[in-house]
Amino acid sequence: MSDRSCLFCRIVSGEIPSTQVFEDEHCVAFRDLNPQAPTHVLIIAREHFGSLDEATPEQESIIGHAVRAASTIAAKEGLTAGYRTVINTGADAGQSVFHLHVHLLGGRPLAWPPG
């Protein structure tokens, strides 16, 4: 189910263009408009749910699939030295679009802790 007011649902539907790097039946991935690393891709579930906190047990496979897609995309992007995956949950964690998504970051050394 999509939410017509949701930015990412509108990207999934093609209503808003994106620089897509991957898609399949469960998710869509595109380059972040405000990259925080040389490679910064957002992997979004086609199905709308706001965050990990809103996910149901039936959506666990979609979450796992999105994380696994990050590995596939990282390989295609040549991130052989490593990469980071991030799922922000809630405003205090930095989530600004409330549609589950995975950030894939790489292409430079990434500091720890991240924020």
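Predicted model: local features only at pLDDT ≥ 70, side-chain atom pairs only at ≥ 80, totals over all residues.
Residues are numbered from 1 along each chain as its sequence is written, and side-chain values use heavy atoms, with hydrogens and water left out.

Helices (H or I, at least four residues) and strands (E, at least two) are DSSP runs, numbered from the N terminus. Helix α2 takes in residues 60-76, and its 17 residues should span 24 Å at 1.5 Å a residue, which agrees with the 25 Å that separates its end C-alpha atoms; the expected span is 1.5 Å times one less than the number of residues. In what follows, buried means under 20% relative accessible area, exposed means over 50%, and partly exposed lies in between, for a 1.4 Å probe and protein chains only. The buried residues of α2 are Ile62, Ile63, Ala66, Ala69, Ala70, Ile73 and Ala74. They cover an arc of only 140° around the axis and therefore lie on the same side of α2, the arc being that of the directions from the helix axis to the C-beta atoms. The face of α2 turned away from this buried side carries the exposed residues Glu60, Ser61, Arg68 and Ala75. Strands β1 (20-23), β2 (27-31), β3 (39-45), β4 (83-86) and β5 are included in what covers the buried residues of α2. Just after the helix, Gly78 takes a positive phi of about 75°.

Strand β5, which runs over residues 101-106, contains His101. His101 counts as buried because its relative accessibility is 6%. Leaving aside neighbours within four places in sequence, His101 is in contact (heavy atoms within 4.5 Å) with Phe8, Leu42, Ile43, Ile44, Val86, Ile87 and Gln95. A polar contact is a pair of N or O atoms within 3.5 Å; within protein, one atom must be able to donate a hydrogen and the other to accept it, and residues adjacent in sequence count only if both atoms are side-chain atoms. The side chain of His101 makes such a contact with the side chain of His103, at 3.4 Å, and also reaches the backbone oxygen of His99 at 2.7 Å. The side chain of His99 is in turn joined to that of His48 by a polar contact of 3.1 Å.

His48 lies in the loop between β3 and α2, and its C-alpha atom is separated by 8.5 Å from that of Cys6, although the two residues are 42 residues apart along the chain. Glu47 also has its place in the loop between β3 and α2 and counts as partly exposed, at 29% relative accessibility. The side chain of Glu47 makes a polar contact of 2.6 Å with the side chain of Gln59. In the loop between β4 and β5 is Ser96, which is exposed, with a relative accessible area of 64%.

The largest pocket holds about 330 Å³ of space and is lined by 20 residues, of which Phe8, Phe30, Asp32, Leu33 and Leu42 lie nearest its centre. On a 1 Å grid over the protein atoms alone, a pocket is an open set of points with protein on both sides within 12 Å along at least five of seven lines, and lining residues have an atom within 4 Å of a point. Grid points are joined across faces, edges and corners, and a volume is the space filled by probe spheres set on the points. Helix α1 (7-12) and strands β2 and β5 each supply at least two residues of the lining, and α1 gives the most, with 3 residues.

Finally, in the segment after β5 lies Pro113, and the peptide bond from Trp112 to Pro113 is cis, with omega near 0°.

Notes. 1 Å grid on protein atoms, 1.4 Å probe; cavity = no way out; pocket = protein on both sides within 12 Å on 5 of 7 lines; lining within 4 Å.
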